[in-house]
Structures are given as C-alpha cells and as structure tokens.
Amino acid sequence: MATVELDRLVKRYGQTTVVHGIDLSIRDGEFVVLVGPSGCGKSTTLRMIAGLEEISGGEIRIGGRVVNDLQPRERNIAMVFQNYAIYPHMSVADNIAFGLYRSKLSKSEKRQRVEQAAETLGLSQLLDRRPSALSGGQRQRVAIGRAMVRDPAAFLFDEPLSNLDAQLRTQMRIEIKRLHHRLGTTSVFVTHDQVEAMTMADRIVVMRDGRILQVGTPLELYENPVDIFTARFIGSPTMNLLPASVREGGADLTLGGSVQVPPAAATSADILIGARPQDLVPSSPDVPGLTVSGTVAVVETLGSETLVHIESAGQTIIGSAPGRQIPQIGEQLTLHAPAERLYYFDTATEKALAAR
Amino acid sequence: MKAAASSSSLAMPKIRPSRILAWTLLFIGGVIMVTPLLFMLSTSLKDASQVYDLRVIPEAPTLDNYIEILGDGRFTRWLINSTIVAMIVTLSNVFFDSLVGYTLAKFRFRGRYIVFIAILSTLMIPTEMLVLPWYLMASQFGWLDSYWGIMFPGMMTAFGTFLMKQFFEGVPDDFLEAARIDGLNEFTIWWKIAMPLVTPALSALAIFTFLGNWTAFFWPLIVTTSAELYTLPVGLSSFAVEQSIQWEKIMTGASIATLPTLIIFLFLQRYIVRGVMLAGLKG
C-alpha cells in the first residue's frame, strides 16, 4: 500500500501537449477515479503512473519514492486493462500466477496465493480452463486475480468495465468496490462513465483537455461543481442550464419568467441557472425558486421515477415526476425547483458563481 | 415409368454447367501434377532395362533400387546433409525473422521505416543475381564447400521478416504492456507472450522455409564441391553426370526425398493454406 503523488506532471507528443502539468495527491488506501471525456488525458495519466508512457515533465512518486525513471516492473504496481490482456495461450491458473513472475516465493507459496485469489474471485472451478472458454466477466476477474496475487503498492484500472454488458458491469463494479474494502490497496480507476465514477470513488478527479478541473468526493462534485463542464458531466440526466439576465433583485430567464438570485450570483450580467432534473418536479410554485412551463415532448418511464422532457421557448428542459405519475405527451406542464437547489454559472467564464 | 423418371430426377440433383467445367479443369490440373509423381514412383520400381518402357505399372516391379540407394553411404550422407541444412535454416528463420519482425512491428525508433523498406526491397532482387555476391562473400570468408556456406544466405529472409511483422502487428499492445508490468524483460515478452500468439504464422514460416531448403538446388550446387557435402537434390543430380544417366536411381532418390514433403503436406495442410492466404502467395 502506498500514496501516489503527481507533481506538475506533463506529457507531450511532439508539439502537442496532452497533459498540462497536473498535481494530484492520492492517499494511502484511497480509491480515486479519473473521469472525463475521451481525449482528456486520463488514460495517459494512468499509463504514466504505470510507467508505460514516459513523462515529459514533473514528477511521479509512489510510496514517497520518485519513480520517473523506473521501469513498470520496478514500480510495484498492478494494472487491469480494458481488453483484459489475459494471455490466451495460458490456463487461468497460469495467467494468475504470471502476476508473481518476478516474485521469489516458493512454488507452493505461489500456488497457495493463486488459489487464494481464485477463491476470492470465484474462479476456483475454472483454474484449468483457457481464457477462450470464459465469459467476459470471468476474464476480467482473471485479470484482477493476476493483479491481486502480487500484493502491489497500487492497483491501476484502465476502463476495465467498458467491454462488459450493463448487468455485468454493475456486478463487477460492486465486486471491485468490495475487493478494495477488503484489501485496502490504493487504487486509481479510469473511466469515462460518470455513474462508475460516482458509485466507486472515494474521490473523483474530473479531467478535460489534459487538465484537472475538480477533485472531490462524489457528493461534493454533485453539489458544488466548479464549472459548467463538471456540472453537466456529473449526474444523470445532465443538469438543465437556462440563460438569464441579471437585474436589480433577480434575473429574467430568456425563455420567460424570473428568478431570485443570491447576491454572490448576481456579479455577472449574463448567467446560466442550473437545475438538476431530479430537483425540477411538477408542483405549484409556493416556495421561491425556478418555475418553467412547457409542452411535454418526451416521457421516459423508469418505474422509480418518470423523466419528463418539456419544450419551452425552443429549449428542452428535463424534469422528473414520481414513478406512477406519467404525464401525457402534448400536455402543458409546470415544473418547479426550490431556490436552494439551483446552481448559478457565469455565461462568459462558465465558472460557478455561488458556492452552495 | 413416369414414377421412375421423377424419382431419378429427385435422386440426381441438377448439375450446373459451371460445375462440370470446374471439375474438368481440376481433373486436368490434377493429372498434370500427379503424372510426373506417378512416373517417378513407377520408374523407381523398375530395373535399368525397363526405364524407357513407359508403362505406369512396371512389368516386374522391384525394390532393388531402394535397397541399393539406401545401402549406398553417399545417399544417406546427402539425406543427413539436407536434414541438417533444412532444420538449421528453418530454426534460424523462425528465430531471427520473428525477432526482427517483432521489433519492426512493436517498437518505435528512428529509422524504423527505412530499415523495413530496405529489408522489403531485397525481395525484388532475383536469387540468380545474388548468387555471384554470395559466392564472392563465401569465397572471401572461406565458407566455400561447407555447411555454413550452404546455409548462410538463407538464415534470415525478407519474406519471413515481412510475414512475421504483419502478424505481430495484430498482437494487441495490452498483452505486452501487461507483461511489462508483470515484470518480464523485453526479450522474455517476445519469447513467452508474443511468440505463442503467432503460432499459425510461425508454422507457416517453418513449413515454407523447410520445404524451400529441402528442395534447394541452385545455390548448394554452386557452393559445394565435395560429394560428402552435397544436399539431396545436388547429390541426386550427380547420378546424371557420373556414368550415364541412371534414371531409376534418380527417381528412387527423388521418391525418398519427396516423402518428408508429402508428410509435411498431409499433416500440416491447414497451416500451409492459412499461411498462403495470409502471406499473399509464396511458391
């Protein structure tokens, strides 16, 4: 187990800089998720931690030791790849044992470790099989097993669940989380899926264009996004953003109506008012907040709730209704979100205006 | 009568004219290819007096030629020479072609493309043109009339390198990176991870190289002068120059020499077909 620290980490490919001097400190035993759209530099960052990519500037420390010039094998890390990367010409047992390739343990100790890992991951019955005879989920477990046997300083996961179907993905998510609880090994997990990030992370690192936008617990990011990108990236469906012009004592929405805004949010003339679909519900506006009316265009019935898309002055706004209350398409509907659930952003800088 | 006619039309599915044409062509092709083999086998079972009797089935078949050839120390020697040469050259190609192919496919280094093009361009030069420089080289280094002299031009081939490079490009980098993290060095990654993943290509390469060297005639003929260093094809040809042409001996030797080729084809057809498909074509 170890801390992982990135200090002004830079990656350049020729003239193109893909990681712009990022700083990040991962605590011992922490589960950190790097999340962002493709091309944001998250996988490159992970590969630099692993030693699979050379770094162009800055410093990486694992367990306090600078590893900039160390080979991957000298960093004592284990990595799980998106395509599993389990060797097709070896049995499950040999694949798992490969994690101990450099280990000086005796043969019987190695076997014992392999069996232990297999038992933890429910692979005991499959040890003699070849990877081609395994399902996607089982293959990913073998890859995790290979990473586990070594007792590494840190686990690195590079989008390990993206090749699994939705149901398996949920299951593996829980398994990885449970494993982390049991082993307590520092883990860095890369994904572009915000649900994975929210459900698994102790802390989430939101990245965009090779820069870190925000680091925080899932709830901190959900409640206090620092900018529009994070606000829309975290949370599903994405946050509604309504343009408004600030005036004395409030703001006028472009699509009609007005909202009271806190003084901290009234520092800019043009702002965007954010409301999460879960907060925007059909109700009468008896408390101050945001009220929008429009025609129901799409209804998504999820059972536990119903997502309602309404059209108002050419803009689509998503709200939610209780599960058993299903509005009719074409119906006029008024949605309301209380003032304390609203977010405010500067239109020009896209930064959040008032901490909540 | 009517019932009989309809049942026969049921039993005999309609044969398309294109099928008939294809079968005819295949049959003619088969005859053209098999006839010399049959004659070779048939002649090997005849005595010297019947050689010019063109009957396929010999009047008085005899195994005397086989007994004589196999009892002749020279022939056994040539067989051993051919085996040694073909085996070593094959092993060398499997090792070096794949090592170079892997490097070109999986490592980024300055001049990589130039090296690849240089290797590939040697494919455009016909063997006949290379024989003279090879000979001069062998002569300068004192390799004439030696095993090494026979083998050195074929120890690594551009074709094999190209074939292996194409194959290694299909091996996902994740495997190699996982191995790098698991603690293997670059050579071990190639040997333990990458090589097993390209077994079909290795088999194809090994088969082509073995057969090519087993049947090689031109270069071994030029580079060897002493009979104990002849490979089988060169040795067999010497039956034609010493006394008169001993066709029955040549054909017996050729029949024996064909055996390994036939065995390889029978057992490894699958790999050969796959190898030909993957490599474009290689005669």
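# Cores, helices and sheets of chains A and B

Modeller: Let's begin with the largest nonpolar core, which has 105 residues. A:Val33, A:Met79, A:Leu156, A:Val188 and A:Val205 are the ones with the most contacts inside it. Helix H11 of chain B (residues 199-214) gives the most to this core, eight residues. This is a predicted model, where local features need pLDDT of at least 70 and side-chain atom pairs count only at pLDDT 80 or more, while totals for chains, interfaces and linings use all residues. Residues are numbered from 1 along each chain as its sequence is written, and chains are lettered from A and ligands numbered from 1 in the order in which they are written.

Colleague: What makes a set of residues a nonpolar core?

Modeller: The members are buried Ala, Val, Leu, Ile, Met, Phe, Trp, Tyr and Cys residues, joined through C-beta atoms within 7 Å. Buried means that 20 or more other C-beta atoms lie within 10 Å of a residue's own; 12 or fewer is exposed, in between is partly exposed, and the C-beta atoms are placed from the backbone. Another core, of 32 residues, lies apart from the largest one, and A:Leu242, A:Ala244, A:Ala275 and A:Phe345 are among its members.

Colleague: Which residues is A:Leu156 in contact with, leaving aside neighbours within four places in sequence?

Modeller: A:Leu46, A:Ile49, A:Ala50, A:Ile77, A:Met79 and A:Val188. Contact here means C-beta atoms, placed from the backbone, within 7 Å.

Colleague: What is the secondary structure of chain B?

Modeller: Chain B has 14 helices and zero strands. Helices (H or I, at least four residues) and strands (E, at least two) are DSSP runs, numbered from the N terminus.

Colleague: How do you know what span to expect of H8(B)?

Modeller: The expected span is 1.5 Å times one less than the number of residues. For the twelve residues of H8(B) that should be 16 Å, and the end C-alpha atoms are 16 Å apart, so the two agree. H10(B) (residues 186-197) also has twelve residues and reaches 16 Å from first C-alpha to last, close to the 16 Å expected.

Colleague: What makes H8(B) "mostly covered"?

Modeller: Nine of its twelve residues are buried, including B:Phe159, B:Phe162 and B:Phe168. In H10(B) the buried residues include B:Ile189 and B:Ile193. The buried residues of H10(B) pack against helices H4 (73-106), H8 (158-169) and H9 (173-182) of chain B.

Colleague: Over to chain A. Why are E2 (16-26) and E5 (65-66) of chain A called edge strands?

Modeller: Their open sheet of four strands runs E2-E1-E4-E5 with antiparallel pairing. E2(A) and E5(A) each have a single partner strand, so one side of each is left without a neighbour in the sheet.

Colleague: What makes E4(A) and E5(A) a pair?

Modeller: Pairing needs at least two bridges found by DSSP. E4(A) (residues 57-62) and E5(A) have two, in the antiparallel sense, with A:Arg61 opposite A:Val66.

Colleague: How many bridges join E16(A) (residues 289-301) and E17(A) (residues 305-312)?

Modeller: Six, antiparallel, with A:His309 as the bridge partner of A:Val298. Both strands belong to the five-strand open sheet E15-E19-E16-E17-E18 of chain A.

Colleague: How many residues of chain A are in contact with chain B?

Modeller: 17, against 13 residues of chain B. On the side of chain A that touches chain B there are twelve nonpolar, three polar and two charged residues. Ala, Val, Leu, Ile, Met, Phe, Trp, Tyr, Cys and Pro count as nonpolar, Asp, Glu, Lys and Arg as charged, and the others, Gly among them, as polar.

Definitions and conventions
Two residues are in contact if their C-beta atoms, placed from the backbone, lie within 7 Å.
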